[in-house]
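Dear colleague,

Please find below the structure that I am handing over to you. My findings follow directly after it.

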Amino acid sequence: MKKAYLGVDIGSISTKGVIIDSENNILAKEYLWTEGDPIGAVKKLVAVLKKNFNEKKYKIVGVGTTGSARKLIGVILGANVVKNEITAHAIGTLSLYPDVHTIFEIGGQDSKIIIIDNGIVTDYAMNTLCAAGTGSFLSSQSRRLGLEVEEFGPLALKSKNPTNIAARCTVFAESDLVHKAQIGHKKEDIVAGLCKAVVTNYLNNVGKGKKIKPPIVFQGGVSKNVGVIKAFEEETKEKIIVDPNSHLMGALGVAILSQKEKEIEFDFNIEDIVFETKGVECKGCANNCERICIYKDGELIDAWGNKCDKGAIKIKR
Amino acid sequence: MKKTRVNFPRFGSYDICVEHIIKSGLDCEYVYAPPITKKTLEIGTKNSPDFVCTPFKYNLGGYIEAIEAGANTLIQVGGVCRLGYYGELQERILKDLGYDVKFINLSNGNFKNPITFYEEFKKINPNLHIKKLAQACALAVKMVEVIDKIEDYIRQNVGFEKIEGSFDKLHEEFLEDLRDINDKKELNLLSRLYMKKLKKVEVEKPKNPLKVGFVGEYYTIMDQYSNHYMEKELAKKGIIIYRWMNLTNSILNPNTKEVKQSIKNYAKYDMGATAMYTIKKAIDYAKEGCDGIIHVKSFGCTPEIDTMPVLQRISEDYKIPIIYFSFDSQTSDVGINTRIEAFYDMIMMRKEEKKK
């Protein structure tokens, strides 16, 4: 039996999973929508991965989780490593591009920049207050223009004269877009303008003050959009590398990290197990911490959310 | 006549010192607002202008909670940024909300003419005894110094305690006992007693632990609730935390001239409030070999926004990672924890790489 490692990246929009061997080769991969139900999404993900995976030849001895639901899913999968997405993305990308210097990452709800020097993360930033210039903005605008998100990039490439669209804030961008459409700008120009707006917004906010040097790797869901890639290349005057598995870097990174941890037993059959979460408000003080309790087949397995020990929930082990 | 029951906004552990001034120096009662919670911030946010800095909201929420707890006289301080306008605006808001309270605004005082402060204190107690007040203030200053000394030690060791919670427990006991102090002699005894107790707490420090320096805006850096207990979160990962910013260093011994001189390569003018100290300490921490620096501020804090380009230069010149946090009333823990975790991973991996 050879050893294999599962990495799961549960974002707000999509859930990504990979299984790798000890040499970081991808044995199975899957990408699906989270749809506001991380537990359900992970159950589906694990079921699909199981089908595409040779259980006779390989045995999973490590599980890692990352993404905004990493803690919850970490408990459910019994992961041996739970890592933030910044570190996970850096590790995943470095395994394929050891000399990478800059990582652009634009996902569904967040975007980040990671600066790497000699294989070590030296600086990073993440968007904080708003989702301007992320995937969800692009998909809502494409709907407004009657386009599928997938058509967006190729159409943008056709434009010779991208429309100028206010990039500072999605609300302004949206009204600007409507005006420009109504006064007769061509659709492909508007689409190209939007791609440019996303890039300017990204570089001015997340990328502000960061030393952007090549090689630059671009990943996250939006990296599938050729229009945005082109806009990045024009803006930075550098070649932008996009890996075919660019959306899986976080999952890959956390699977690699699980190789270094103590080995665990993993069971693919979680589909029939009932996982439930319950919010319990603490009445200890006026802060009323919202604590989350996780139940596995009715049994409490973990809890968090309390700020102080007064609100700690005891778990029988 | 109604009894005067005074409240000052909660601020770190310092309200014990204010309580001492009010009780011993002015012969009035002191009312503690309940500890800051989500509710405090909710009340504050609801009644504040949306774009005002976050400490304003915490203060206002705290005032209202204190009034509900029986306070009828409120004190606000002044400062060389928007803080200077807090008092005036808060007094107006509270009045508009229908609260009948006396508001003492120390930003009406003028340091060049100390008698103006005396006038403000007189509003609290018209029959105040100047000698008594002076004595109480002198002791309060000493109390501040002791608090800062004790908390500095805790900050640098709490991440390595063998039994979790030992330092927190001692800290709580210390603050409890500090409340009963009447004179300098008692204070010195207490200080020595607790330093001894703290040094007895067993710690397991690795040979070369990670070190992180904190810089940033006055209130957010010192009030643990506002910065989401960031110091503690980091310390728990086994990091020594350095924080120069406290009342002892910034108010009692500020050394403005020297600070200005030492940062002249980076900033020519004082940008107000804590800006110069932020720059100075960032340089110091970088030179002293810290593994990283954390900059915290409330959303929209102008002096601290001004320091950020300078900090970016310092980060580049000294090759030290600096991470920036901006807090407002909507900030959730999740995003902060992700960034803190990533920061920890980053400085850890850098350190390991250096060892090789």
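How far apart do the C-alpha centres of domain 2 of chain B and domain 3 of chain B lie? In this predicted model, the two centres are separated by 24 Å. Chain B as a whole is divided into domain 1 (5-128), domain 2 (142-205) and domain 3 (206-356).

I turn next to the contact between the chains. Here 17 residues of chain A are in contact with 18 residues of chain B. On the side of chain A that touches chain B, α3 (85-96) and β8 (120-126) each supply at least two residues. The most comes from β8(A), which gives six residues. Sorted by class, this side of chain A holds seven nonpolar, eight polar and two charged residues.

Finally, there is a helix pair within chain A. Helix α1 (residues 38-51) of chain A packs against helix α2 (residues 70-77) of chain A at an angle of about 50°, and their axes are 10 Å apart. Because of that angle, α1(A) is oblique to α2(A). The crossing of α1(A) past α2(A) is right-handed. In this contact, Pro38(A), Ile39(A) and Val42(A) of α1(A) meet Leu72(A), Ile73(A) and Ile76(A) of α2(A). By class, the residues of the contact are six nonpolar, no polar and no charged.

With kind regards

Conventions:
Residues numbered from 1 in each chain as written. Chains lettered and ligands numbered in written order. Predicted model: local features only at pLDDT ≥ 70, side-chain atom pairs only at ≥ 80, totals over all residues. Domains from an automatic or database assignment. Axes fitted to C-alpha atoms, helices over the stretch in contact; angles between N-to-C directions. Helix = DSSP H or I, 4+ residues; strand = E, 2+ residues; numbered from the N terminus. Parallel < 35°, antiparallel > 145°, perpendicular 65-115°, else oblique. Left-handed = near helix turned anticlockwise from the far one by under 90°. Contact = placed C-beta atoms within 7 Å. Nonpolar A, V, L, I, M, F, W, Y, C, P; charged D, E, K, R; others polar.
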